[in-house]
Number of protein chains: 2
Amino acid sequence: MTEAIAATRRSRITPEREAELYEAVLDLLREVGYDALTMDAVAARTRSSKATLYRQWGGKAELVAKAVRHSKPGRTGDVDTGSLRGDLHALTRRADDCEMEQSSALMRGLAMAVHGNPDLLKAFREHLVEPEMAEFRRVLQRAVDRGEVRADNPALGFVMHMMIGAFAARTMIDEQPPTQDFLLSYIDAVVLPAFGVTAS
Amino acid sequence: MTEAIAATRRSRITPEREAELYEAVLDLLREVGYDALTMDAVAARTRSSKATLYRQWGGKAELVAKAVRHSKPGRTGDVDTGSLRGDLHALTRRADDCEMEQSSALMRGLAMAVHGNPDLLKAFREHLVEPEMAEFRRVLQRAVDRGEVRADNPALGFVMHMMIGAFAARTMIDEQPPTQDFLLSYIDAVVLPAFGVTAS
């Protein structure tokens, strides 16, 4: 199905209604994950008919990918405090603990599904991973330009593994969601030393 | 159900057959994840009847938790090379790339399910997370005892977030499974600098 045809089909519902549906899908993804998410549950949660859902989106895979594309990227707007520590802390402080718990649940709900579903993987990467990566790259480039981090520091290639990794591992290891406090301590203890920057 | 009754019920099949069943369950977990794993699929894969599976294990949650408990811990045996870098590299080299891909797939297959399934979470932690953590703690304690790492280094509290995090994030960020080469580079670029140890 081409985007044009999809747009025509979706035009039967209002943008507000569409946004409401996508929010409900994201909530269900966080609660039960992709596999356990059924069109029945989406229909019940949104008080719509399954026939409407199938007519508008074609199926679960397409509906979920669209919902992920619709998900709000975290707050953006350039962070530039003048130091790598200041910038990394500012990026972390932009999402409150509740938003972090939601991101963490969404990541978990999609982790298995993105393998073997290229369209969903693309939506996941383009809307949830890449925007974050771009911000970290900008912040690090400025640290290199300032001479705070050496341009050949090997940790530059691992910043997302450090950050997303700690974020994902927190729940697995400590049975609690990532919080601002956890990530700020992790940045000071691990990320800054890896870049050769002292935390204090 | 008590362990004693469970043991009696399970005694109807041989230990070899039981091991074979658990292996098949772990394979299915890696392939499709917990939610999509059905008793029908286990029955088909292992050429057993669903009635037998339900009689022996009671249900999917119990069968999967037992299979995880049965999963082989990575090779053990103390690693002690005389340096933190040597020890971390040696621990990483114990699992080949194929075994790492399998662990990575199993972690993904269980990530969503362990939330909201306390018995499965317990099995996952006791058999897959804790043994690894214990080894890293031993290696780090020796590094502290040798004076290689300061006893108050704040990164000591984050070693598993660094290691399991990079392992989990690799697939998400780079669309490829973690490998020995990836983890060895990551240890040199991130983990050792965080501990104040130079990689070379």
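**Contacts within and between chains**

Visitor: How many residue pairs are in polar contact between domain 1 of chain A and domain 2 of chain A?

Guide: This is a predicted model, in which local features need pLDDT of at least 70, side-chain atom pairs count only at pLDDT 80 or more, and totals for chains, interfaces and linings use all residues. Residues are numbered from 1 along each chain as its sequence is written, chains are lettered from A and ligands numbered from 1 in the order in which they are written, and side-chain values use heavy atoms, with hydrogens and water left out. A polar contact is a pair of N or O atoms within 3.5 Å; within protein, one must be able to donate a hydrogen and the other to accept it, and residues adjacent in sequence count only if both atoms are side-chain atoms. With both residues at pLDDT 80 or more, the count between domain 1 of chain A and domain 2 of chain A is 3.

Visitor: Which residue forms a salt bridge with A:Arg69?

Guide: A salt bridge requires a side-chain nitrogen of Lys or Arg within 4 Å of a carboxyl oxygen of Asp or Glu. Across the interface of domain 1 of chain A and domain 2 of chain A, the rule finds 1 salt bridge. For A:Arg69 the closest N and O atoms are 3.9 Å apart, and the partner is A:Asp119.

Visitor: What area do chain A and chain B bury between them?

Guide: Contact (heavy atoms within 4.5 Å) links 40 residues of chain A with 40 residues of chain B. Buried area is the accessible area (1.4 Å probe) that two parts lose on being put together, summed over both. Carbon and sulfur atoms carry 75% of the buried area, which is about 3,300 Å².

Visitor: Which residue of chain B forms a salt bridge with A:Arg125?

Guide: The rule finds 2 salt bridges across the interface of chain A and chain B. In the one that involves A:Arg125, the closest N and O atoms are 2.8 Å apart, and the partner is B:Glu175.

Visitor: Which residue of chain A has the C-alpha nearest the axis?

Guide: Copies are superposed by least squares on the C-alpha atoms of residues with pLDDT of at least 70 in both. Chain A is superposed on chain B by a rotation of 180 degrees with 0.0 Å of shift along its axis (RMSD 0.0 Å). The two copies are thus related as by a two-fold rotation axis. At 1.7 Å from the axis, the nearest C-alpha in chain A is that of A:Gly165.
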